[in-house]
Structures are given as C-alpha cells and as structure tokens.
Amino acid sequence: MSAFSAIGENAERDRNEYTPGLEPQPTWCPGCGDFGVLKALKGAAAELGLSPEEMLVCTGIGCSGKLNSYFESYGFHTIHGRSLPVARAAKLANPGLTVVAAGGDGDGYGIGGNHFTHTARENHDMTYIVFNNEIFGLTKGQTSPTSPKGHKSKTQPHGSAKDPIRPLSLSLTAGASYIARTAAVNPNQAKDIIVEAIEHDGFSHVDFLTQCPTWNKDAKQYVPYIDINDSEDYEFDNTDRSEASEMMHETENVLHEGTVLTGRYYVDEDRPSYQQEKQRIGEIPEEPLAERYFDDDYEWERVYDTFLDKHK
Amino acid sequence: MTDDELIWRIAGGSGDGIASTSQNFAKALMRAGLHVFTHRHYPSRIRGGHTYTEVRVSSEPVKSRGDGYNFLLALGDSFARNPQENAYYGNEEVKPLSENLDELDEGGVIVYDSGLLDTDDIPNFDERVEENGWHVYDIDLRTMAREHGREVMRNTAGVAVTCAIAGIEPDVIKSLMEDSMPEKVFEPNMSVFDDAYETVLEEFDADAPDVSVPEGEHEEEQVLISGSDAIAYGALDEGCRFIAGYPMTPWTEVFTIMSQNLPEVGGISEQVEDEIAAAALAVGASHAGVKAMSGSSGGGFALMSEPLGLAEMTETPVVLVEAMRAGPSTGMPTKPEQADLEHVLYTSQGDSHRVVFAPSGAEEAYKQTRRAFQIAYEYQIPSIVLYDQKNGGEMRNVPASVFDEEPNPDLGSVISEAELADAPHDPSGKYNRFQHDVEDGVSPRSLPGQEGGRYLATGNEHMPAGHIAEDPDNRVNQVNRRMQKMEAIRADLDGDEETNTHYGPEEAEYGIMTFGSQQGTAEEAVDRLNDDGHSVKMLGVSELAPYPVEEVTEFIRSVDEVLVVEMNASAQFRGLTQKELGRFGEKLSSLLKYNGNPFEPAEIVDGFVTSIVEDGSLPGHETKFVPAASD
C-alpha cells in the first residue's frame, strides 16, 4: 500500500470540504479580491475531485500568503518570494501531489522575480496563482512592481518613475506553457481557468487581478472585464506564440487605462514538462521518490558497492 | 633528509593536469602499501597561473601536509607561454620554479623542465642551490614528450624522473596508469615514461640525493578519498536522494559528486538560479518526504540564511554544507579559512537554532555527514556540515572498511497513516503536527499526501495545527519546545562513539584546542612537542552546536593553559568557547593564521613554544598570537 493513500483518491467533492472546520476566519478586508481567489480555488478543487490531502498549497508572504490558512489542504506558508522553489521541489520529490503556489505581485514579480522566471523557464508541472492588486497590501500601501508609472505612495511620494512589469509577456518570454489572466470579479471564468491550469501538464501561470479596496482605490479594477476567448473582437489563436504575445502586449498597454482583457492567453500542450524532460534524460526516477522511503522491497544502494572501485 | 618520508611537490600552470597527475601518483603509492596525503594550492583562474600539489608519502599514517617538502617537480606553465607571437599574456613563466624554492628543504631535489623553464631568469639561483645543497636535474621533458606524441605527456615524463631518483619501482605507477588511461593514450605514455626513466639512470647521478620512498604495507584495503568525496558519500549512504545547489568554490566539489551520482541511485539533483532557491528547494523536498541537502560557501551560504530559519521554524529537516573560504565577501575563492564559524552559528533572525558539525578529515566527514542527517531528521532541525577548502580538496588514504556501511532510508520522526488515525487532531480536523508537550521537543510530522495528516507549515509562529498565532502562551510553549531539542541533541551526541577527538597524554600540563580541518596538523604538532619534552594534549572539537560544554570544561580544567589554534583573524572558536562556558578567559590564548594557507605542524610547534613556554613574540606575520585575557 502506498504511504500516501490520499493521492489519487478521486471522489465527488463539495467545495466546503476545502473550508477549514473552525478557524481561522479570513482576515482580508471586506471587499478584498483575495476572497475571489479562495472561492475559485475551492470551486476548481471540487470540480477536479481532488482530495484536500493530495494538495499542497505553497504561499509566500503578504495578504496572498494567507490563502492556505483559509483553504483546507496541506499547506506551506513560506517566506517572502520563495513559494516557488519550495513548491517545485515538493512536486519533484512527490509528483503525485497537486501543487499550487500562490503569491502577490510584490511577492511573485518583485522579490520572487528570479524564481518566477526560472520556474517558468523550466516548465515545472505546477500552478502558480499571482494575486495582482498592483499594490503592497499587508505592509500598508506601497508601490508594487505592477503599479502604474506615476503611482504615488508613501514610499514613492513623487510618483513611481518605473514602468510596471508586464507579467504575461514576462511569463511567455520566460517559458510558461499555460498563461492566463482572470479576475476576482469574474468568478466563473476564474474557476474554469484554475481547473485548466491545474490539469495542464507544465507550468501554469495565472495572473489573478484582485482589487484592493483599502490601499488601491484608484486602480481600474472595478471596470467590466472582457473575456478575450468569448469576445468576437479579439480573435486569436492562443496556441500561437506570436499571436499570444501580441494580445498580451495589447492588454498590458491599456490595462491602466481601464480596458481589462482576461482569458487564456497562451496554451502550449506540446511542450514537455520539466519532470518529463528530466525523466527522459534519466535524471528523475520513474516512480515517486518520496515513496521509496516507505517501500520495504526497495534496495538502497551503498556507496561501497557502487563507487569505491574508482578510489581503490 | 630522512628515509621515512617523501614530500613531493608537482608545480606548473592551472589546467596543465597537475591535480590528476598528483592524484594518480598518490594512488599508486597508496596501492604500494604507503600512507599518502595531498595538499592543493591553486589560483582563482581557469588556465595558467601558479599551482602545485604536494603528495606526502610515509610508511606511517600522515595527518597533514607536513613542513616544507623535499622533492620539486617543476613542469612549467604552458599557459604563461607565448601561444602566438606577440600574444603573450602571463608573467608566470618561471613561477613553477621561483615560487616554490623558499619552502624546499635543505638537500632536496629539483627536477625542472628545461624545455620550458630557464634558471637564468631566477635571481641567484646557482648560489641558492649551493647554499641549500639542492640537487638539480634539468631535463627537457617537453621535447621528450613531443617526440613520443603529445606535449602534455611531460607530466608522465616528470613522474618517471621522480621514480628514477626516489627509487620508486616503475610498475607501481605503470599499473595504475594502465587502469586510468584509455589504451590509445596509455601506450605513448608508457614509452615516454621508459625514455625519461632510462635517461635519468644513464645521464644523471640518480643516487646522489638522499631522498627515497619508504616501504610500507597496509593491514587492510585502502581508498584514496577527498573530504568532498567523504561528505557526498556520507550523504548518499544516509539515504539523501535530493540535492539543490548553485556552483561556488569550494562547495562545488560536493555538489558535483552528488550530481554525478544521484541519478544512478534514483535521486534528483537540481542546479538552480541562486542559493536562496537552492536551500528552499531542499526544504520543499524534505517537506514532501525525501532526505534532502543543499550547501554553499560563505557568500552563497549568506543567501541561505532565510530558508535556514524557515526550516527551523517549520521544523523541516534539512542538511546544509558550508565550505569555508577566506572572506569577507568573495574574499579569496580558492584559499582556506575558518572564518565563517560565527556566520554559520548565528545567521538567521530570532532565537534560531541549528546543529553544526565540523569534521576534521575524510573519515570523520563521512561519519558526521551521516550523523548530521540522522539528527536533522530525528529532531526536525537544520544541521550544517562545516568544512573548508582544505579538507574539501585534500586526499588521503582511508581504510575501505570505513565506507562498508549499510544505507539508512529512515526518515526519522515521521508519523505513518496508521498512527495518524489515533494521533491528536485540532477540532478543525487538522493534525496537531506541532504539539506542545512532547518528549525531547520532537512532535512527529506528517507528509503531504498522507490521509489524516493535513496541517499548515509556516514560518510564522503557529498553533499546534500550524495556524498562525500570536497567542503569548502558545508562543512560549512553542519556543521552549524548539529550544528543548538542543538539550536532547546534546545528550544524544554525548552518547556517541563518534565524537570530539582527544589526543596526547591524558595527564598533560598544557592543552591545544582546535576544530575542523586543523585537527590533523595539531595532532602532529602535539606529537612533536611531547617528543621534545613538553607536556601537551589536544582536544579537537567537531561538534560545535550544541556545544560540548562539559567535555570542554573538563579538558580546560585539566591543564594549566590552552592554546586555541584556528584559521581566522578574530579568534572565533576561542570566542565561542568562552561564550558557551561563560569563563576561562584567563586560560585561553590564541594562535591564528589567515594568510590563505593552512597551518603547518611546525608553525603550531613554534607558536606554542614561543608564546606559551617562552612568553616571547612570534617572528614574521605568518601567524599571530593573541594572549589570554589575564596576560
């Protein structure tokens, strides 16, 4: 018997199974977009029939970091910007786990930008949800990497001189094989996208627009969203890299002017995940590494038997 | 010059095959029944630049590089030569000769490649040769090698000359070359070997110098192992199947050995974007139920401070190795120092704790790396194997039986699914993974994917089920429990056979204390001091945290004065000892070295005699004496 019997335990699930039994109650502000992520993730997990115990949700620091406090599964609340390296190693160690990482725009695109780039590049089989509210929330309202140029805050009193990061384009360039943008006010689309992202075999990046009613009242995040996959005005092939890139540019150019496009921007089903590539070249075992430690029949090799010949 | 040991130095340019040639030489002599020890000196560049390796050979066990040396093979730096006309880019043309003369013993041998080196470029060469009674053999090894095939074979020619002069049976070397070379290369190497060997016997007086290789015999089979090999093999035997790292000298050696071997044993190696990621990956893999490690050298380890604290707070077992090199900042990349001790002990915020081992040599490195995993996984705490460029790179013979040990896939304090059914759970349904009152402070962990084991791991202070909390009572309970582990670990380590090293006569007047890579050198110094009529013993501490307070107290109490020998400028180990013991400032003085080279035994002997016995001051600035607080 597997030591991890929760894995692959498919059943009909109710979204409430992912709500912690007693505490804690979310400490997000009333009207916060983060509730939208939580709701979408619960809906997606239920739809996929995932056992809470086969899921590992890794978060960073900030309001987004509390996601796994309010979502019932295994959780690892790591440190600022570091959810991705922890998450991808857990997935390598036990590929049976459904691994979801989450962070904010500061956490994911700022302090964790290096990890983001490399995790996308390697195309690890996992889902990354970035709560993008264009502000540092938990530290009380500083300019973030996605805040628009000219954004004024206590730490940028003259207005930011920096262009905002373009998360979708960055992700495409870095190598993510599933890239989508959704928004807290678009619950059905958000759930569908997270379902697809989790099912996708490779690195799925979901830029999740989450309004911050407390610190970012100016953000144009309450405007209606246009779903690019449904709208006839935006016909493009999201499996075509250059068309996807063009669409990303379009939305990232106009985002702060009030035109918000959401949907699946890029889907590459052909690119092998990092796990598959590593397996192909013989650098990752066929069966889950973590199972070995519980397998009484597995033969553990000794250094003495295998390596010492060359030292004699 | 004595018959009982040869200290052979092969010098040339980086990238000229000095390391591999010396390694084969050492291994051949080990196979012939001798004890060997190698010492590497190399610059921080890829090709060219002065480099040498010493091979000390003796019929008795050797513990250090020794003092000076008695046989120089100067090969020439092929990269300091003019690759194209007017494109000369180095000034190391004569360095393989000029840089090495100061340490050559009286009556020693110089073999140099006259095809590449010109003694006319070295000031007062002939006078120095005469003064020191050196025996000089100028042989055009380069031309000889070219005649037999390739110029790079001048290394083989040089080894053959060594054999002819030092009386080493050629078969000793040849049989090893046969094992280590492809046939195509082996044949021309054999012919250049024979040519060089015969040339010496025919054209020179090979018997002139009084230098020879002793005879010896091992009672059991030996292997030639570096400290880096020993750490990697210890990790593999202890069931480590995941490593993440970023290259940095000298840690790269362990990372490389692991990366080359892990896929063969069904493990995973990840070279990642930076050291923060590397340590975080190790934490992630360990969290998911795999024995994992990471590591770096000083500057890279600085980046690991964050994930190190996360591992402690989330009680995720992880082993980090830290290969010290001279600092601060990037310091001297290829030179050893023991100045990261405080960095490793105290880095990371808050009341954070970790276990620190500092093995002295290859055998201890193997055993303590295994111990580091056992402690980390049993007590759910980060442990660190602290070593340096010296013990990472030096090779020595170790009985093969040391490695004849069973692998250990035990994950330590992990709860099974069956046990989870009866384990305490939070009213919310989560497993109480961080229970307050548990034996030794260790609360068993569940692994993601286990039925009934859901919990939240977090770097924030947390309740038993893992939820973030600032409740004062819970805070105190959790801190106390985490700290309690250190006492339990100390008790566990005290019950070990593998522990700190006591050396020398039990009843001695004086003590020497040291840690890590300097221990073997100190042992040799202690032998010499006692032979000279002094009364000295040594304590080599290789368990630095939790500190062996009782053992060290007893040692210091038993002697009048203690000289603490360490390779840094700020007496960090002495400082740690005083901090942990809270006293003995009046009994501890320091002998320090921080010029980029490890201690030689004679420096400890001289330092001890001059500073402690004669109360005088040290000559020169190779080493530094810092007196006890009362002096």
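The points below concern a predicted model, and they take up its cysteines, its nonpolar cores and one of its pockets.

1. Across all chains, a search of the whole structure finds zero disulfides. A:Cys63 is accordingly in no disulfide, and the nearest cysteine sulfur, that of A:Cys32, is 6.1 Å away. With 22% relative accessibility, A:Cys63 counts as partly exposed.

2. A buried cysteine. A:Cys212 has a relative accessibility of 7% and counts as buried. The closest cysteine sulfur to that of A:Cys212 belongs to A:Cys29; at 6.4 Å, this is too far for a bond, because a disulfide requires the two sulfur atoms to be within 2.5 Å.

3. Nonpolar cores. The largest nonpolar core comprises 146 residues, and B:Tyr233, B:Phe242, B:Met258 and B:Met293 are among those with the most contacts inside it. The element that gives the most to this core is α14(B), with nine residues. A second, separate core has 49 residues, including B:Val109 and B:Ile139.

4. Surroundings of B:Phe242. Apart from neighbours within four places in sequence, B:Phe242 is in contact with residues that include A:Ala89 and A:Leu92 of chain A, as well as B:Leu262, B:Ile268 and B:Met293 of chain B.

5. Second largest pocket. This pocket has a volume of about 530 Å³. It is lined by 24 residues, of which B:Lys63, B:Ser360, B:Gly361, B:Glu363 and B:Arg396 are the closest to its centre. In chain B, β2, α14, β14 and α18 each supply at least two lining residues. By class, the lining consists of six nonpolar, 10 polar and eight charged residues.

How values were computed
Residues numbered from 1 in each chain as written. Chains lettered and ligands numbered in written order. Predicted model: local features only at pLDDT ≥ 70, side-chain atom pairs only at ≥ 80, totals over all residues. Heavy atoms only, no water. 1 Å grid on protein atoms, 1.4 Å probe; cavity = no way out; pocket = protein on both sides within 12 Å on 5 of 7 lines; lining within 4 Å. Points joined across faces, edges and corners; volume = space filled by probe spheres on them. Helix = DSSP H or I, 4+ residues; strand = E, 2+ residues; numbered from the N terminus. Nonpolar A, V, L, I, M, F, W, Y, C, P; charged D, E, K, R; others polar. Buried < 20%, exposed > 50% of the residue type's maximum accessible area, 1.4 Å probe, protein only. Core = buried A, V, L, I, M, F, W, Y, C linked by side-chain atoms within 4.5 Å. Contact = heavy atoms within 4.5 Å.
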